[in-house]
Amino acid sequence: LYTTGHTAPGGDNLVRADLVDRAIGLARMLRTLMPDEREVGGLLALILLTDARRATRTDAHGRLLLLEEQDRSQWDRVAIAEGTALVPWALTGGRPGRFVLQAAIAALHAEAPSYAQTDWPQIVALYDLLLRAWSSPVVALNRAVAVAMAQGPAAGLAQICLLYTSD
């Protein structure tokens, strides 16, 4: 539900706020019903941290903006605070799942003062864990981008080459 609202598959608007708000409400309800489930807390954190950037995802002409291009001063600090507060708890008590790890990555992006000041080595470490919890080509590619940011473009390209030669 959140994914469909966050990036609407049709229509004139990228975001369907009604679906996003419904998804946040359902995630909050689930958290109330299952307060000890770390993945539920991670899911809520991930949704909040991702949605905190809603107002800055497109420019005045509707063009999708990269994370690097977004105006961080316009991010929803209340949603970021709520989401980041859930992450440390969700990371404790055993092996974290995919929602918790994605939320931890989103929290690092949200807390960084700028794109360049993002803690890229920590993001790489979280992607390493995410690959073990939820291996997918998209996660592997995102990890390669994080490696490029942390260690330079050549290191990131080497990771991408490994993806294509490991098949």
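A pocket, as the term is used here, is an open set of points on a 1 Å grid over the protein atoms alone, with protein on both sides within 12 Å along at least five of seven lines; its lining residues have an atom within 4 Å of a point. The model is predicted, so local features need pLDDT of at least 70 and side-chain atom pairs count only at pLDDT 80 or more, while totals for chains, interfaces and linings use all residues. Residues are numbered from 1 along each chain as its sequence is written, and side-chain values use heavy atoms, with hydrogens and water left out.

**Overall fold**

The chain has eight helices and zero strands; helices (H or I, at least four residues) and strands (E, at least two) are DSSP runs, numbered from the N terminus. The radius of gyration, taken over C-alpha atoms, is 16 Å, close to the 15 Å that the globule rule gives for 167 residues, so the chain is as compact as a globular protein of that length. That rule is 2.2 Å times the number of residues to the power 0.38. The C-alpha trace spans about 45 × 40 × 30 Å along its principal axes.

Of the 167 residues, 40% are buried, meaning under 20% relative accessible area with a 1.4 Å probe and protein chains only. Among contacts (heavy atoms within 4.5 Å) with a separation of 6 or more, 53% are between residues 24 or more positions apart.

**The largest pocket**

The largest pocket holds about 1100 Å³ of space, where a volume is the space filled by probe spheres set on the points, and grid points are joined across faces, edges and corners. Its lining comprises 34 residues, and His6, Thr50, Arg53, Tyr127 and Asn142 lie nearest the centre. Elements giving two or more residues to this lining are α1 (2-6), α3 (38-51), α5 (98-111), α6 (120-133) and α7 (137-151). Helix α5 supplies the largest share, six residues.

The lining divides by class as follows.

| Class | Members of the class | Lining residues |
|---|---|---|
| Nonpolar | Ala, Val, Leu, Ile, Met, Phe, Trp, Tyr, Cys and Pro | 23 residues |
| Polar | the others, Gly among them | eight residues |

**Ala107**

Helix α5 also contains Ala107. Ala107 has 4% relative accessibility and therefore counts as buried. Leaving aside residues up to four places away in sequence, Ala107 touches Leu49, Thr84 and Val87. Gln122 is 15 residues from Ala107 along the chain, and their C-alpha atoms are separated by 11 Å.

Definitions and conventions
1 Å grid on protein atoms, 1.4 Å probe; cavity = no way out; pocket = protein on both sides within 12 Å on 5 of 7 lines; lining within 4 Å. Buried < 20%, exposed > 50% of the residue type's maximum accessible area, 1.4 Å probe, protein only.
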